[in-house]
Amino acid sequence: MLICIAVTSLQSYCRAWSTFTPSLVTRKHSKVKRRRPTHDVCISMKVKVGLVGLPNVGKSTLFNALAQKSIAEAKNFPFCTIEPNITPIPIPDGNLHKLATLAKSTKALPANVFLVDVAGLVKGASRGEGLGNKFLATIRECDIIIHVVRTYIDEDVVHVDGKVNPVSDAEVVNLELLLADLAHVQRRLEKSTCTGEERDVLEKIEKALEDGIPARSIGLSSDEKFTVKSMGLLTLKPVIYAFNIDEIDFCLNREETIQLAKTYMDKIQYCDLERDTFMVVSAKLEADLSSLDRDEQLEYMKNVGFECDNQDDTEQFLSYHSLPLLVKDVLDLSLVYTGPGVPLEKSQTTKTHIISSSSMSVISLSGKLHGDIQKGFMNAEVIKAEDLIQYDNYNEAKDNGDIRMEGKDYTLQDNDVVLIKWK
């Protein structure tokens, strides 16, 4: 039996994407080197992305824009969302359909991140105000936070504090997350079962939180993070700020808006300028576009002054395309594919999966697929994905000598296509 896997290069994909969207998504310090986890995570891991923010900042509207359909109810009053809405969002992937064509698959299934829209957070949420406890429990289960911040002025859309102030609004949310973590850590430290390395790590985090420093900012090692992973600490999660702007700023004043968003980031308290990231979205505009077909979307964008020649150019600037890629980048995710190389009588589906580490061995990967594959592992044939796509099929690449043989200790590299043989 044969299993074919391809690992997409995060770096090359993001470089290609960034050439289209230089002004909408910004990393505070692009040279910051992210630590890779030392613990393998399930190949089909379910990545949850939590949308947070004050009431009426556009979370549910952005949720619908990302989902490309109306799921979440967006009304002009606080706590319109009570039960969390969850929907899969596909990660844009240029290799999937090429590999599916090569494999003659009848289905091509993309990798998804799962977007979670929760109730708006208010002052006192860490003490249970509003829907605080329910909100916090939902976010603890997420892998990354999208912090939606309202920047537009609209008298018809009420603001929970009576006026729009992006900096102070963001600080309300940040402070509540920090206070909630502090209480959570202190409750755990009171338990007699909290000993050894766990206690050491939590005491380090407690001191930082008391000083107003998020847990993600104190340089915890991969092992230290793993020790407290089950607690779901809110301030340990990566954060992407999504500044929600109006149509005019999105279409005509992008550069000015980006610069303004940078000044917001510099001023927001409890924000980690080395790790936190931001992007600019127009939730209402994008939600309106989601109800139109491709040709109508292009015409709509041109009518509101957006300079674009075709639909592909337009998509690069919309959050349903850019945000999943940014999540993939921030979480240091890779994509792996199954389907190509497998006989059609055994599989007619090419599917993309997510892994959180690119330092996985072939034998470890085979175990993630199925225990029997790991037990019966014989060897692995390896080729770069871009090389395989140049051929009509896998056997043609093999006959041309572009495939090499590797043993069980081989460490998967970005953009590898692996054919695992097992008995």
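These legends walk through a few close-up views of a predicted model.

**View 1. Strand β8, tucked inside.** Let's start with β8, which covers residues 239-244. Six of its six residues are buried, so the strand is largely enclosed by the rest of the structure. Here, buried means under 20% relative accessible area.

**View 2. β7 alongside β8.** Strand β7 is made up of residues 144-150. It runs parallel to β8, and six bridges join the two strands. To find your bearings, pick out Ile145, which stands opposite Val239 in β8.

**View 3. β9 alongside β8.** Now for β9, residues 277-281. This strand also pairs with β8: five bridges join them, and they run parallel. Ala242 makes a handy landmark, with Met279 of β9 as its bridge partner.

**View 4. Helices α5 and α6 crossing.** Over to a pair of helices: α5 spans residues 166-189 and α6 spans residues 196-210. They pack at an angle of about 145°, and their axes are 10 Å apart. The crossing of α5 past α6 is left-handed.

**View 5. Who touches whom between α5 and α6.** On the α5 side, the contact is made by Leu178, Asp181, Leu182, Val185, Gln186, Arg188 and Leu189. From α6 come Glu198, Arg199, Leu202, Glu203, Ile205, Glu206, Leu209 and Glu210. Sort the contact by class and you get seven nonpolar, one polar and seven charged residues.

Notes
Residues numbered from 1 in each chain as written. Predicted model: local features only at pLDDT ≥ 70, side-chain atom pairs only at ≥ 80, totals over all residues. Heavy atoms only, no water. Buried < 20%, exposed > 50% of the residue type's maximum accessible area, 1.4 Å probe, protein only. Helix = DSSP H or I, 4+ residues; strand = E, 2+ residues; numbered from the N terminus. Pairing = 2+ DSSP bridges. Axes fitted to C-alpha atoms, helices over the stretch in contact; angles between N-to-C directions. Left-handed = near helix turned anticlockwise from the far one by under 90°. Contact = heavy atoms within 4.5 Å. Nonpolar A, V, L, I, M, F, W, Y, C, P; charged D, E, K, R; others polar.
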